[in-house]
Amino acid sequence: MMHSGEKSAASQSFSKSMYIADNFLVHIETLGCRLNQDESEGAGKAFEEAGFTVDCENISSQSPVNYNTIICLLNTCTVTAKAEQKARRLIRLLLQKFPNSVLLITGCYAQLDGLLIRQIEPSRIVIVPGRKKYLLQYIAGQIGKDLQLLKNWYDRDFLVELLNCFLDCLSLNRQYKEPEQKVFSLYTSVFKKHSRPSLKIQDGCNNACTFCRIHLARGKSLSLDVSEVVRRVIDFENVGFYEVVLTGVNLSQYSVFTKNGERIDFTKLLQILLQETDSIRFRISSFYPQHITAELCKVLESYRIQPSFHLSVQSGSDKILNTMARPYTRDSVVTAVNLLRKAKDNPFIGCDIIAGFPGESEEDFSLTKDLCNQINFSWIHAFPFSPRPGTVAFSMKNQVTENIKSERTLWLTERAVQGKLDFIKNACGKVFSAIVENSRSLRIGQPSLSSGIIHAVTENFLHVECHVKENIQSGSLIMVKIIRADEEAIRSGREIDCKGIVVGKVS
């Protein structure tokens, strides 16, 4: 295989990019939610099982050109116009940095605007239908098989033709219907990028909120069978993971029926998981406020449910929530937060809020501000309303100006920072369990002396930085004492929230 420094005529002849290959390299990039990250990890496993070498390190404009990678997989997001712009920029960067590669583009943005994406570079981009991500398993295996038959050479144009032919045949097959559980087939118990694994147990959404494209991309709600959820969590536990993040488009809509006709909802699923596993802890990625019930919170009291929650709020005005077609009210949010704070001692509670939805008056936004002040969320994911093609809100009247959107987003962002600072202030001096996310060595002082910095996520979802004098592996469970908030890092958008010291390791 050619090395990155060997820029021969063959490696630069992109229309006829045939060259000798010792092994086949795949690069994976992921945008968007934890659900996408979980699916990308599963795709990475599929390619590795097919004989490929997989790289998941994010690239940047400073990354060197790599001539050896033959496939780039990008998992995209469509939640905002900004997310789509980021995807297009990354596609162009991938085309530049991996000149011999085919780009496989999947995810919600690819599902809805695949033709538009492919126009960026039709000769190198292949769109994999977003709701059929399990096809990556077939693609990985089929490519691996065909490349082995072709022995020692690789031709990018042939690979593009092979992939497009397969996907075109699939789209022409009117009898084809995706098996529901295949939506969950991109699964792995060994994660390449994350020390805290996530598990997709639900996909799609039965709601049709007027601002959201996700239900258009992922379809109706589907849920992973209970026995399979349990089996996969036990896999994580056996591997040695201390925590699993339960993910889905709308976890509130998790629902399956047993052979006896019993309906299992999310509350019952949690009860079963706690009964069927030994020690692994569970973190809930996101939830709708109206589904936070007293029955659910009774289960959440377990010490094995991490004390951090994220609520999909969007607005504090019932008028705006109704216009959004959200299935809850402002009072539902207040009730949910009160129940969570009774179930857990000072839990981390974050939320999403949209600023400047069509028709949002100053009075409406004042109600949102009042709700934020009343509850004092630990964090607010604030973003300006982004009109999404294909949604009802795209053509709504009474659009809010960009200046007003920016002003309201700025207020929410400042409130988010203050909420996190307040939460950390309350945590200072206390000790929490934490999982090491990554570590890096730093040389300080004399060359013979060394120290290190680790980043870890606490049980209550604080991202803490600690100096250590010994090597602590990613994925380790440690005990951390919170010392102070890192306000500069919080305001600049970095992941680190605070500083702490390691006071113990859990065997």
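Reader: What makes Phe236 count as buried or exposed?

Author: Phe236 has a relative accessible area of 0%. Buried means under 20% relative accessible area, exposed over 50%, and partly exposed in between, using a 1.4 Å probe and protein chains only. Phe236 is therefore buried. A word on the background: this is a predicted model, in which local features need pLDDT of at least 70 and side-chain atom pairs count only at pLDDT 80 or more, while totals for chains, interfaces and linings use all residues. Residues are numbered from 1 along each chain as its sequence is written, and side-chain values use heavy atoms, with hydrogens and water left out.

Reader: Why is the pair of Phe236 and Phe241 given the name it has?

Author: Rings of Phe, Tyr and Trp (its six-membered ring) pair if their centres lie within 6.5 Å; planes under 30 degrees apart are stacked, over 60 edge-to-face, and the rest tilted. Here the centres are 5.9 Å apart and the planes stand at 80 degrees, so the pair is edge-to-face. Phe241 has 15% relative accessibility, so Phe241 is buried.

Reader: What kind of aromatic pair do Phe47 and Phe52 form?

Author: Edge-to-face again: the centres are 5.4 Å apart, with 90 degrees between the planes. Phe47 is buried at 0%, and Phe52 is buried at 5%. The whole structure holds nine aromatic pairs, and Phe211, Phe357 and Phe385 form one aromatic cluster.

Reader: Why is β15 described as largely enclosed?

Author: Strand β15 covers residues 308-314, and six of its seven residues are buried, so the rest of the structure largely encloses it. Strands (E, at least two residues) and helices (H or I, at least four) are DSSP runs, numbered from the N terminus.

Reader: How do you know that β15 and β16 pair?

Author: Two strands pair if DSSP finds at least two bridges between them. β15 and β16 (residues 348-355) have six bridges, in the parallel sense. Within this pairing, His310 stands opposite Gly350 in β16.

Reader: Which strands make up the open sheet, and in what order?

Author: The open sheet has three strands in the order β8-β11-β14, with parallel pairing. β8 (198-200) and β14 (281-284) are called edge strands because each pairs on one side only. β8 and β11 (residues 243-247) share three bridges, and Leu199 stands opposite Leu246 in β11.

Reader: Which strands does helix α2 touch?

Author: Helix α2 (residues 34-49) packs on the sheet, touching β8 and β11; contact means heavy atoms within 4.5 Å. The direction of α2 makes about 95 degrees with that of β8. Such angles run from 0 to 180 degrees between N-to-C directions, with axes fitted to C-alpha atoms, for helices over the stretch in contact. Helix α8 (residues 226-239) lies across β8, β11 and β14, at about 165 degrees to β8.

Reader: What makes a group of residues a nonpolar core?

Author: A nonpolar core is a set of buried Ala, Val, Leu, Ile, Met, Phe, Trp, Tyr and Cys residues joined through side-chain atoms within 4.5 Å. The largest one has 67 residues, and Phe266 and Phe377 have the most contacts inside it. Helix α12 (residues 330-343) gives this core its largest share, six residues. Apart from it lies another core, of 21 residues, including Phe348 and Leu462.
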